[in-house]
Amino acid sequence: MSGTGVTGFAPAAANRARATSCFAAVLAGYMAACSVPAADSADLLLVGGLVHTLDGEHGTVTALAIRDGVVAAGSDDEINRYGTDGTTVISLEGRAVVPGLTDNHFHALGGGPGVDLSEARTMADVLGAIAARAAETEPGGLVVTNSNWHEGQLAEQRLPLRDDLDRGAPDHPVVVVRGGHEYILNSAALARFGIGEDAASPPGGRIGRYDDGRLNGELVDRAKDPVRLPPADPGGDPAQRLLESLTAMSALGVTSLRIPGGSSEQFGVYRRLAEENRLPMRIEFLFRIRGTAPEEVGATVESWGVPPDFSTGLLTVGGVKLGVDGGFEGGWMREPYEEPWGRGGTFHGLQTMPTDVFRGIVHELNALGWRVATHAVGDAAIDLVLDAYEEADARSSIRERRWTIEHGFIPAPDHFERIRALGLTVTAQHHLYVAAPSLVDYWGPERAALTTPVGLYAAERVPVSLGTDSPVIPHNPFAVLYHFATRGTISAGTMGARCAVTREEALGLMTAGYAYQVFADSERGTLAPGMAADLAVLSGDYMAVPEEDIVDLAAVLTIVDGRIVHDAR
């Protein structure tokens, strides 16, 4: 066994060399006396750790044998038998291993060339960052922020509005990008895009005003349409930029991402990387349809140039993303928003796609064999989604196709049986973790506390997976796990504790739950023998660290399909 490579986490090179020599010698003697058939030998052994397989038969073991997929899981002695002269052996030195983490709703990493507000903690920080960018920008030039922030992180717990932005940059048009559903403009930007004091909120959109009736700069959902922003990053190689984002996710132990609604151009970048075998993780890509009439769906789908079951390398097409309501500032509710947002009981949120158009598009996609995933935040939005899905099912069954409700913030008790009957899945993200104070303002404490009730979905036997909605919410998967296992938030304490799940259950939803949603449950989600070797070696034991330390975890080693894609040893 002198050819066996042994690596570990010891910081001292000399100690590592001695350990390597000793271990290799002992293992060589052991292998001579006790070995497995060559067909079952492994390319890689992970030994001396805490491997949480999430498999009912194997539970937590100390070692794994990997050859393409997982060959065996067991004790060090059992797994060492799978080594040969060509096997690499990694000593885990007690570190925890989990199945590869996933993100069910990942738009982008965040950041980018816009004004970075991710570290802002006060309104002064926000305005200072905008003023600094304005000072570097030619007179009259547009200043745009990135979306990797939320007002819940600010001491003032409110948005920067028109008058605030005018103070920060009076001579430059400013567009603050807030999540995926809202812009806030200063006076110069309102003028630049032709939005006057007499502007009316369009269908599916909201134009915000101060108490005195003046525009406050808020443009929500379809009200954003007149604003045309320049490309976020027009230069450089888009494939290289994408790889940099994926590399950052690999460092967090993420082995699969689901892209919830991209363009054919974005798909082309992923396809190029997949065909060149350069993707460091699995990608489930959903195309986006927006502003398309039902009679145009066929031509739109044809323009993508791939069938609904297309797959190449680590890239798979996962369906089509639609949307029927706003985000947390515009979720469409049966009951009105809290005052003053409720406008005297008249504001129920925003329906962003007309009912007949949505139903028609769903029917056309179903007829063409495409799976559908629909953004629906409020209970009224979920009503519409279920109505349309049931209508499609009556024409051609969707019950074995795992169609999806994206987000599903506020389900009603009468939804669960309908969801189960259609065989639907739900993607859950940790918006409440960041945005709790805002959601209390919009919907009141009771509804806010029930936002994304993963424990209730699980109790109602509704398949759920977990994710971030990055960059609307920061991209850390461990913050997702922390929130759903504790219902803790950044600035509002614990909310909706009865909707929490255990740590192991949360991890299962992020691994096996995701695999089920994307039709990979026979291949991924656990570390049982025969499953794909998608895994993360963590900086601490997720199952055992104090709750407050979960969000600080990272991956020391990430493996996808048996290949090391991140190594921070």
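Mentor: Start with patches: they are made of residues with over 30% relative accessible area and no salt bridge, like charges being joined within 9 Å and nonpolar side chains (Val, Leu, Ile, Met, Phe, Trp, Tyr) within 5 Å. Here E547, E548, D549 and D552 form a negative one. Bear in mind that this is a predicted model, where local features need pLDDT of at least 70, side-chain atom pairs count only at pLDDT 80 or more, and totals for chains, interfaces and linings use all residues. Residues are numbered from 1 along each chain as its sequence is written, and side-chain values use heavy atoms, leaving out hydrogens and water.

Trainee: Why is D552 called exposed?

Mentor: Its relative accessible area is 60%, and exposed means over 50%, buried under 20%, partly exposed in between (1.4 Å probe, protein chains only). So D552 is exposed.

Trainee: Why does E197 count as partly exposed?

Mentor: E197 has 40% relative accessibility, so partly exposed is the label. R209, at 34%, counts as partly exposed too.

Trainee: What makes E197 and R209 a salt bridge?

Mentor: The term asks for a side-chain nitrogen of Lys or Arg within 4 Å of a carboxyl oxygen of Asp or Glu. For E197 and R209, N to O is 3.9 Å, and they meet in a salt bridge.

Trainee: And R178 with E329, how far apart are the closest N and O atoms?

Mentor: They are 2.0 Å apart, and the pair forms a salt bridge. Both R178 and E329 are buried.

Definitions and conventions: Areas by Shrake-Rupley, 256 points an atom, 1.4 Å probe, with all protein chains shown as cover. Lys, Arg positive; Asp, Glu negative; His and termini not counted. Charge placed at Lys NZ, Arg CZ, Asp CG, Glu CD.
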